[in-house]
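Take a moment to look at the chains one after another before reading on. The text below walks through them in turn.

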Amino acid sequence: MLKIEGLAVEREERLLFSGLSVSLSAGEGLHIVGENGAGKTTLLRVLCGLTLQASGSISWCGQDVSVFREEYCSDLLYLGHKNANKTELNCRENLRLALGVLSVSDEAISDALHDAGLGLISHLPTRFLSQGQQRRLSLARLLLTKSKLWILDEPYVALDYKAIDWLDSHLERHLKSGGMLILTSHQTLTLSSKIRVLNLGEQHA
Amino acid sequence: MHKMLWALFSRDMTLFMHRKQDVVTVLGFFLIAVALFPLGISSDPELLRTIAPGAIWIAALFSTVLALDRLFSEDLDDGTLEQQMLMPVPISLMLLVRLIAHWVITSLPIVLLAPIMGLQFGLAFNEIVILTLSLLVGTPILVLLGAIGAALTVGLKSSGGLVTLLLLPLYVPVLILGSSAVSSVMNGADVTAHFSLMGAALIISLVLSPFAVATALKITLD
Amino acid sequence: MSMTRRIPWMKYASASNFYPLADRLVPIFMGLALVLAVIGLYLGFVVAPIDYQQGNSYRIMFIHVPAAWMSMFIYLLLAMYAIISLVWRVKMADIMAYSLAPTGAMFTFIALLTGALWGRPTWGTYWIWDARLTSELLLLFLYLGYMGLYSAIPDRQRASRAAAFLAIVGAVNVPIIYFSVIWWNTLHQGSSFSFSEGASMTDAMLYALLLMALACWAYTIAVVLRRAQALILERKKVALWASQISKK
């Protein structure tokens with residue numbers, strides 16, 4: 001489904017990695033590891049089409065993602081370092097705006113907020129939320145999306161143990177239902193599904 | 001697809017309802033800038049009438065630049081800009097919608113206030129009509145062109161001064177067309193040429209500018 | 001698709017081939033610029049006859065006109081390099097574009113300055129809002145904007161692409177600015193000023209102008225090549241430093 005061939009990425013005149021070839025099919029997960037500065041975030045951004053690669057190609061369902069960008073984006077959900085929440089808006093509004101593109105019912109949003117442990121504070125502007133709560137709000141999108149490919153950059157940051165379990169359960173559910181997952185994380189994953197590990201440090205040219 | 005674009009438009013409107021002070025700042029800037037011209041030059045009614053088109057247009061131009069500062073910067077900081085770039089619609093279309101919303105929020109009030117400014121400068125009724133119409137056609141061009149500069153400088157520390165330097169050369173033709181339309185009508189000349197040119201410029205920038213802004217944003221986010 | 005039939009000049013698109021070539025070319029063009037300028041100035045300031053209307057003051061034209069030409073040629077060249085660097089991602093094109101900018105800005109400034117000095121005895125004022133002077137002033141802003149944007153963006157790759165894009169947008173705008181200013185000028189004042197430089201040109205004047213223009217070209221080539229060399233070294237140093245950091 002997702003096929004990466006001969007990918008090379010440069011930052012600031014420096015080759016981060018080259019000759020990276022990976023493919024990912026339904027129900028598979030990929031855990032990208034590497035030292036600080038190895039280019040994990042950059043790789044994820046390249047996979048989303050936000051950053052341009054120096055060479056190599058990325059295809060989704062056999063189609064080059066730079067050509068069929070809109071089709072790819074409708075199957076893609078990306079969560080970066082930043083939570084992409086508007087601090088003036090409350091949790092409900094934020095989630096609705098983030099998913100304004102999908103027709104999601106109010107009940108579904110309420111359910112998702114409850115599930116994320118934000119049910120009681122869903123009326124508060126998000127600037128009153130803690131880091132962990134903001135992250136959970138951001139991750140609550142995973143409960144409502146129909147995207148097949150999830151690309152998550154350090155999703156566990158700022159989460160407590162309970163929230164980590166909560167996130168794990170949803171990642172499992174996604175993989176079991178044939179979804180695909182690419183994530184970076186510095187901690188070892190506690191998922192029960194088997195997830196391949198890609199070490200960027202070993203990818204040097 | 002139009003559903004997504006509508007959602008995007010209403011997003012910008014919702015956000016505007018939560019931070020009206022931004023628009024109030026821009027409008028206040030516009031009013032003060034216009035008021036400074038008589039104070040700085042002279043209160044002679046004849047002279048004021050002569051400088052009115054230029055004064056109001058220049059104030060509108062700088063207000064546009066001021067407002068453009070907010071177009072992308074906060075969305076870049078909190079990560080929503082990335083999410084918008086990943087929406088399953090063409091980026092240029094997404095940007096066009098956002099620019100229209102931006103114009104409605106920040107420029108339309110200026111256009112609506114312009115008649116009052118015209119009265120302050122002693123313009124006649126038909127001159128005020130032309131002034132308002134010239135701003136109605138001209139300010140969208142300013143926003144569309146200005147977004148290119150805003151996209152190129154978003155996230156930079158000293159973006160305010162830089163964006164002014166980048167944009168002023170691009171704004172000169174619009175300023176000339178807009179303010180000379182008003183001066184021409186004051187001299188009893190025909191203004192159809194001005195409005196045909198401005199209309200053409202508006203159509204061209206509506207078509208081309210979203211692509212240019214998309215390219216600039218891709219470079220900035222890279 | 002292999003590049004078997006390489007175009008010879010593409011060889012110099014790589015920094016390592018460019019550098020020694022520039023080393024050889026810089027002194028040649030610098031010398032050429034000097035010789036041409038000396039002859040051109042001699043022709044212009046000694047041989048060329050006094051103008052019956054303007055007296056000796058017209059002689060500033062031998063600096064003003066080539067500088068004005070250069071300011072526009074260099075911007076066009078810069079925009080062309082910008083397109084090459086943006087579309088085909090040739091790094092040397094970006095280095096060339098960036099190296100051209102300060103020289104272009106300098107010629108624009110010289111053209112404005114000499115234009116003002118020429119205007120004083122001719123029109124009785126240093127500055128008129130004439131279409132050419134106004135466009136030249138805006139051209140200076142375009143140069144400053146290009147350099148300003150380039151140096152304001154910390155990430156070099158991003159800086160080069162953003163500035164290149166700006167240069168292209170500016171190049172599209174230059175004719176629009178020029179014609180809008182002409183239009184504005186005819187609206188406001190029946191511009192009775194005319195430069196009339198082609199009117200009573202003697203051979204000596206023509207040759208002086210030509211030689212000065214060539215001298216400016218030679219100077220530009222020499223200075224831009226030298227600046228490009230310096231940029232190559234600077235970037236190589238940054239790249240080396242970055243790779244050392246990453247190996248640690």
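This is a predicted model: local features need pLDDT of at least 70, side-chain atom pairs count only at pLDDT 80 or more; totals for chains, interfaces and linings use all residues.

Residues are numbered from 1 along each chain as its sequence is written, and chains are lettered from A and ligands numbered from 1 in the order in which they are written.

Start with chain A, which has an open sheet of 4 strands in the order β2-β1-β4-β5 with antiparallel pairing. Helices and strands here are DSSP runs, numbered from the N terminus: helices are H or I with at least four residues, strands are E with at least two. Two strands pair if DSSP finds at least two bridges between them. The edges of this sheet are β2 (14-24) and β5 (63-64) of chain A, and each of them pairs on one side only. Strand β1 (residues 2-11) of chain A is joined to β2(A) by 7 bridges in the antiparallel sense. Opposite Glu10(A) stands Leu15(A) in β2(A). Helix α1 (residues 40-48) of chain A packs on the sheet and touches β1, β2 and β4 (55-60) of chain A. The direction of α1(A) makes about 125° with that of β1(A). Contact means that the C-beta atoms of two residues, placed from the backbone, lie within 7 Å.

Another open sheet in chain A has 5 strands in the order β6-β7-β8-β3-β9, with parallel pairing. Its edge strands are β6 and β9 (196-199) of chain A, each pairing on one side only. On average, and with direction ignored, neighbouring strands of this sheet are turned by 15° against each other. Within the sheet, strand β3 (residues 29-33) and strand β8 (residues 180-184) of chain A pair in the parallel sense over 4 bridges. Ile32(A) has Thr184(A) as its bridge partner in β8(A).

Now turn to chain B. Two packed helices are described by the angle between their axes and the distance between the axes. Helix α6 (residues 125-153) and helix α8 (residues 192-221) of chain B pack at an angle of about 20°, and their axes are 8 Å apart. Axes are lines fitted to C-alpha atoms, for helices over the stretch in contact, and angles run from 0 to 180 degrees between N-to-C directions. α6(B) and α8(B) are therefore roughly parallel to each other (angles under 35 degrees count as roughly parallel). The contact of α6(B) with α8(B) has 18 nonpolar, 5 polar and no charged residues. Ala, Val, Leu, Ile, Met, Phe, Trp, Tyr, Cys and Pro count as nonpolar, Asp, Glu, Lys and Arg as charged, and the others, Gly among them, as polar.

Chain C has 6 helices and 0 strands. Of its 248 residues, 38% are buried, that is, 20 or more other C-beta atoms lie within 10 Å of their own, with C-beta atoms placed from the backbone.

Which chains touch chain B? On one side, 22 residues of chain A are in contact with 20 residues of chain B. In chain A, α2 (69-74), β6 (76-79) and α3 (91-98) each supply at least two residues of that side. The contact between chain C and chain B takes 22 residues from each. In chain C, α4 (131-152) and α5 (156-188) give two or more residues to this side, and α5(C) has the largest share, 13 residues.

Definitions and conventions
Angles under 35 degrees count as roughly parallel, over 145 as roughly antiparallel, 65 to 115 as roughly perpendicular and the rest as oblique. A residue is buried if 20 or more other C-beta atoms lie within 10 Å of its own, exposed if 12 or fewer, and partly exposed in between; C-beta atoms are placed from the backbone.
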